[in-house]
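These are my notebook entries on one protein chain. I set down what I looked up, entry by entry.

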Amino acid sequence: MRVLEHRVDPTDWLAHCTDLAAAGATMLDMLTAVDDPGSGRIEVVAHLVDVVARERHLVWTVVDRGEPVLASLVALYPGAAWHEREVHEMFGVTFAGN
């Protein structure tokens, strides 16, 4: 399976994931975060899968640790609700719309 990495601005997070879903990446496998206290940033990554094309998409973005807000993916991937709650509890990232 081919793995493609996408680094996007937080303002493009939802639009980019929407485009990938429309192109066939219809499965959310994982959503998690990496806290880097020294840099003041939290990296958020979504692992999206296009089963038909056999492609894995790792979509990365960075939010400010002081105001960690990102658009929710729940409208695209209902299963994201659990992942977003976990990232919120563990890293403090708020997912607008969830």
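What share of the contacts in the protein with a separation of 6 or more comes from residues 24 or more positions apart? I find that such residues account for 59% of these contacts, a contact being heavy atoms within 4.5 Å.

Entry on the source. I note that the model is predicted, that local features need pLDDT of at least 70 and side-chain atom pairs pLDDT 80 or more, while totals for chains, interfaces and linings use all residues. Residues are numbered from 1 along each chain as its sequence is written, and side-chain values use heavy atoms, with hydrogens and water left out.

Entry on the overall fold. I looked up the secondary structure and found 2 helices and 6 strands, arranged along the sequence as β-α-β-β-β-β-α-β. The radius of gyration is 13 Å, close to the 13 Å that the globule rule gives for 98 residues, so the protein is as compact as a globular protein of that length. Helices (H or I, at least four residues) and strands (E, at least two) are DSSP runs numbered from the N terminus. The radius is taken over C-alpha atoms, and the globule rule is 2.2 Å times the number of residues to the power 0.38. Along the principal axes, the C-alpha atoms fill a box of roughly 40 × 25 × 20 Å.

Entry on burial. I record that 39% of the 98 residues count as buried; buried means under 20% relative accessible area, exposed over 50%, and partly exposed in between (1.4 Å probe, protein chains only).

Entry on helix α1. I asked which residues of α1 (residues 13-22) are buried. They are Trp13, Cys17, Leu20 and Ala21. These residues lie on the same side of α1, because they cover an arc of only 100° around the axis; the arc is that of the directions from the helix axis to the C-beta atoms. An α-helix has 3.6 residues a turn, so residues three or four places apart point the same way. Asp19 and Ala22 are exposed on the other side of α1. The cover over the buried residues includes β1, β2 (27-36), β3 (41-50), β4 and β5 (69-71). Just after α1, glycine 24 takes a positive phi of about 125°.

Entry on salt bridges. I counted 5 salt bridges, each a side-chain nitrogen of Lys or Arg within 4 Å of a carboxyl oxygen of Asp or Glu. In one of them, arginine 2 pairs with glutamate 55, with the closest N and O atoms 2.3 Å apart. This pair links distant parts of the chain, with arginine 2 in β1 (residues 2-7) and glutamate 55 in β4 (residues 55-64), 53 residues apart. Arginine 2 is partly exposed at 48% relative accessibility, whereas glutamate 55 is buried at 15%. I also noted a network of salt bridges that links Glu5, Arg7, Arg41 and Glu43. Arginine 41 and glutamate 43 meet at 3.5 Å, N to O; arginine 41 is partly exposed at 34% and glutamate 43 is buried at 18%.

Entry on aspartate 35. This residue lies in strand β2 and is partly exposed at 28% relative accessibility. Not counting residues up to four places away in sequence, aspartate 35 touches Arg41, Ile42, Arg65 and Phe91.
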